[in-house]
Amino acid sequence: MAQRRRRSQLRPKMYTRHRRHATMEITILMWQFSVRSQIKGMAIVALAVLAGLLAAPARAVELKPDTAAAFNQYIRATEARIALDLRDGRFLAVDALPERERREAYAQLRQGQIYVRHLRAEEDEKPIYIPEGLIHHWVGVVFIPGVTLAQVMAELQDYADQPDKYKPTVRKAKVLEHDGNEFKTYRQLYRKQIVTIVINADFDDVYEIPDASHATIRSYSTRIAEVAHPDRPNERELPVGNDHGYVWRFYNYSHIEEKDGGVYEQVESIVLSRRVPAVFAWLVNPLMESIPRDVLTQLLNQTREAVLDWKSRQM
């Protein structure tokens, strides 16, 4: 009995220590992966209960130099793998599959399905540790029938209309500078789940068209600032790198290939956020494996719809 009483006395301390992190950590998941798509019932219940029990103001965290350096290392490893894939003829992620799986994947893509999988960069065959940070790395491929590479590229460079095509996530979008195939762009991104999250993000987008049937886009975030009190008179940006850590870096690599009577578009996305404490790993890990698949599928579906709509308006 005495031992049970001592254990019960420890629980409030553990609860106090972690409750301040809970809402913020769940919100990271909601922002990056969005629960607009269908999540299985047990995950919804777990999130609702945890949010209700542990709701508390999230505290700001600082992006540490070691975290940023490790992210840069991760990017170098990823780009080295991408360069090797391109050299060896693996332009799309499905090209790296065994022959039978590759044929099946292409057939499913042409039938309208979307290919999505989780990735993890390695260096010397070892995982790259990100101190105080978490990497979210996914790739997805969609097939857009009856269009050309030129039509897809024209649509992807139509930044001004992105708020209409990708709402409500993209609230604002514009080109800041344009020089040939290089674009400096701005987007304001929005998500409302447990709390409202708005970020202002600048990107460097570089388009390359090596031949008539292939193109690549490399998009690096150059500035990400979280917006406090959005849509209120006291709206302001939080200091860059000293916020709630929802999104610290946001890199995308797109591969576009025209063949099979249409265009395949691949998006490989790498996001850096603050690390989720181990106390929530039992809940976070399953969600990390399921939610991004639905969200990336939605994004690629929106892109396909936008391109086909653009084509219809040009006819």
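Predicted model: local features only at pLDDT ≥ 70, side-chain atom pairs only at ≥ 80, totals over all residues.
Residues are numbered from 1 along each chain as its sequence is written, and side-chain values use heavy atoms, with hydrogens and water left out. Local features need pLDDT of at least 70 and side-chain atom pairs count only at pLDDT 80 or more, while totals for chains, interfaces and linings use all residues.

Start with the whole. The protein has seven helices and 13 strands. Both are DSSP runs numbered from the N terminus: helices are H or I, at least four residues, and strands are E, at least two. Of the 315 residues, 49% count as buried. Buried means under 20% relative accessible area, exposed means over 50%, and partly exposed lies in between (1.4 Å probe, protein chains only). The protein exposes about 16600 Å², and carbon and sulfur atoms supply 52% of it. Accessible areas come from the Shrake-Rupley method with a 1.4 Å probe; for residues, only the protein chains shown count as cover. Now take contacts, meaning heavy atoms within 4.5 Å. Among those between residues at least 6 apart in sequence, 69% join residues at least 24 apart.

Next, go inside. In soluble globular proteins, nonpolar side chains tend to be buried together. A nonpolar core is a set of buried Ala, Val, Leu, Ile, Met, Phe, Trp, Tyr and Cys residues joined through side-chain atoms within 4.5 Å. The largest one here has 21 residues, of which Val 152, Tyr 207 and Ile 256 touch the most other members. Two or more residues each come from β5 (133-145), α5 (149-156), β9 (214-228), β13 (262-274) and α7 (281-314). Helix α5 gives the largest share, four residues. Val 152 touches Ile 144, Val 147, Ile 256, Val 263 and Val 307, not counting residues up to four places away in sequence. Apart from this core lies another, of 18 residues, among them Leu 63, Phe 71, Ala 77 and Ile 270.

Look again at α5. Its buried residues are Leu 149, Val 152, Met 153, Glu 155 and Leu 156. Seen down the axis of α5, they fall within an arc of 160°, so they line one face of the helix. The arc is that of the directions from the helix axis to the C-beta atoms.

Thr 67 sits in another helix, α3 (residues 65-87). Thr 67 is buried, with a relative accessible area of 0%. Leaving aside neighbours within four places in sequence, Thr 67 is in contact with Ile 130, Pro 131, Glu 132, Gly 133, Trp 248 and Leu 272.

Now turn to the strands. Eight of the eleven residues of β7 (residues 182-192) are buried, so β7 is largely enclosed by the rest of the structure. Two strands pair if DSSP finds at least two bridges between them. Eight bridges join β6 to β7, and the two run antiparallel. Lys 172 has Gln 188 in β7 as its bridge partner. The hairpin of β6 and β7 has two residues between the strands, and Gly 180 there takes a positive phi near 65°. β7 also pairs with β8 (residues 196-211) in the antiparallel sense, over eleven bridges.

Finally, check the loops. Glu 125 is not a glycine, yet has a positive phi of about 65°. At 72% relative accessibility, Glu 125 counts as exposed. The peptide bond from Lys 167 to Pro 168 is cis, with omega near 5°. Pro 168 lies in the loop between α6 (162-165) and β6 (170-179).
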